[in-house]
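Thanks for coming. I have one structure to go through today, so please look at the screen.

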Amino acid sequence: MERTPAGFPREAVADRLLAASVRTSYEPLVDLDWSAPPVPGAYWMPARRSSLYGTSLWAEMTEDQRIELTKHEVAGAASAGLWFETILMQMLIRHYYDADPTSRHAQYALTEVADECRHSIMFGRLIEAMGCPVYRADPVDHLLGRWLKATATGPQMYASILIAEEILDSFQREAMADESVQPLIRMVSRIHVVEEARHVRFARDELARQVEAAGPVALAYARLVIGRAAHSISRRLVNPRAYAAVGVDPAVGLAAARSNPHWRATLRWSAQRIAEHLDGLGLIAGPGRALWRRSGLIAP
């Protein structure tokens with residue numbers, strides 16, 4: 001039986017994840033009350049996680065404007081989540097295409113695709129329920145996403161998956177426990193956290209195997225792709241067009257966020273777990289490390 005570098009049989013890991021999927025899975029169209037009105041005065045994310053928190057722009061806003069900003073920031077993050085989950089699903093389907101369909105590993109990959117289909121519907125419904133636009137990727141990131149989903153294999157595939165999943169997980173674990181946050185956001189976050197925990201376990205297990213199997217040239221290439229993925233994901237966490245919803249020029253808001261020490265600390269906090277993991281595997285190095293620094297996800 002094929003084993004992971006940590007010594008766990010690959011099929012046994014997938015079998016446990018399949019069993020966990022049966023025990024705890026959600027149907028967002030049924031399990032969430034999409035018709036419930038928002039709670040007056042409640043934020044859509046913890047206020048301190050807003051990209052403008054602590055800036056002069058934030059100080060000048062009314063409380064209603066601050067709440068409105070967090071709503072549009074959440075819509076931007078949900079839009080980014082949709083963008084990356086579409087990429088992720090296509091990468092997993094490509095992986096499945098060459099796999100043994102009778103293996104538990106391949107069957108769990110399909111199960112994860114099914115989870116991500118429901119998550120994408122959930123994020124789409126969330127954006128609709130908030131009354132916000134879909135904040136789409138800019139043309140460059142859109143093309144890069146198309147390239148990544150069509151070509152990524154090996155370490156860069158699973159590392160990219162983990163960066164997106166674990167950064168969003170940091171925000172959602174905090175939001176789901178914060179009673180100052182809208183109930184709909186807390187429940188969406190809880191569903192996503194519970195189901196993504198399985199996806200993270202699957203990706204971490206497979207990433208370790210892929211790193212062990214890769215040669216030095218493949219790893220050097222993977223580090224560069226992973227760094228570019230980290231940069232794209234961090235830049236998509238807040239869409240500058242969201243600032244216009246509260247009367248802030250997008251360019252002014254973006255400049256304020258990028259120079260905001262609170263937001264820079266939030267970016268590093270959100271990525272700390274995955275950055276330490278990837279660094280331990282030797283995947284944050286060389287030119288790729290410079291991209292990580294530019295992303296704001298690790299210290300300069």
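Which helix does Ile-121 lie in? Ile-121 is part of helix H5, which covers residues 104-130. Before I go on, note that this is a predicted model. Together with Leu-29 and Val-30, Ile-121 makes a nonpolar patch on the surface. The accessible area of the three together is about 280 Å².

Staying in helix H5, we come to Arg-118. The side chain of Arg-118 forms a salt bridge with that of Glu-195, at 3.6 Å from N to O. Glu-195 is in helix H8, so this pair ties together parts that are 77 residues apart in sequence. Both Arg-118 and Glu-195 are buried.

Next, helix H8 and its packing. Two packed helices are described by the angle between their axes and the distance between the axes. For helix H1, residues 10-23, and helix H8, residues 183-213, the axes come within 10 Å and cross at roughly 170°. H1 and H8 are therefore roughly antiparallel to each other. On the H1 side, the residues that meet H8 include Val-13, Leu-17 and Ala-20. On the H8 side, they include Phe-202, Glu-206 and Arg-209.

Glu-206 and Arg-209 also pair with each other in a salt bridge, with 2.7 Å from N to O. The two are 3 residues apart in helix H8, so about one helical turn separates them. Glu-206 is buried at 0% relative accessible area, and Arg-209 is buried at 15%. Elsewhere, salt bridges with shared partners join Glu-166, Asp-169, Arg-173, Arg-204 and Arg-273 into one network. The count for the model is 17 salt bridges.

Now helix H4, residues 63-97, where we find Thr-70. Is Thr-70 buried or exposed? Thr-70 is buried, with a relative accessibility of 0%. Leaving out neighbours within four places in sequence, Thr-70 is in contact with Tyr-43, Trp-44, Met-45 and Ser-50. Also in helix H4, Lys-71 and Glu-68 sit 3 residues apart, about one turn. They form a salt bridge, and their closest N and O atoms are 3.5 Å apart. Lys-71 is buried at 13%, whereas Glu-68 is partly exposed at 26%.

Last, Met-157 in helix H7, residues 154-176. Met-157 is buried, with a relative accessible area of 3%. Beyond residues up to four places away in sequence, Met-157 touches Met-91, Leu-92, His-95 and Ala-152. The C-alpha atoms of Met-157 and Ala-222 are separated by 8.6 Å, though the residues are 65 apart along the chain.

How values were computed: Residues numbered from 1 in each chain as written. Predicted model: local features only at pLDDT ≥ 70, side-chain atom pairs only at ≥ 80, totals over all residues. Heavy atoms only, no water. Patch = residues over 30% accessible without salt bridge, like charges linked within 9 Å, V, L, I, M, F, W, Y side chains within 5 Å. Areas by Shrake-Rupley, 256 points an atom, 1.4 Å probe, with all protein chains shown as cover. Salt bridge = Lys/Arg side-chain N within 4 Å of Asp/Glu carboxyl O. Helix = DSSP H or I, 4+ residues; strand = E, 2+ residues; numbered from the N terminus. Axes fitted to C-alpha atoms, helices over the stretch in contact; angles between N-to-C directions. Parallel < 35°, antiparallel > 145°, perpendicular 65-115°, else oblique. Contact = heavy atoms within 4.5 Å. Buried < 20%, exposed > 50% of the residue type's maximum accessible area, 1.4 Å probe, protein only.
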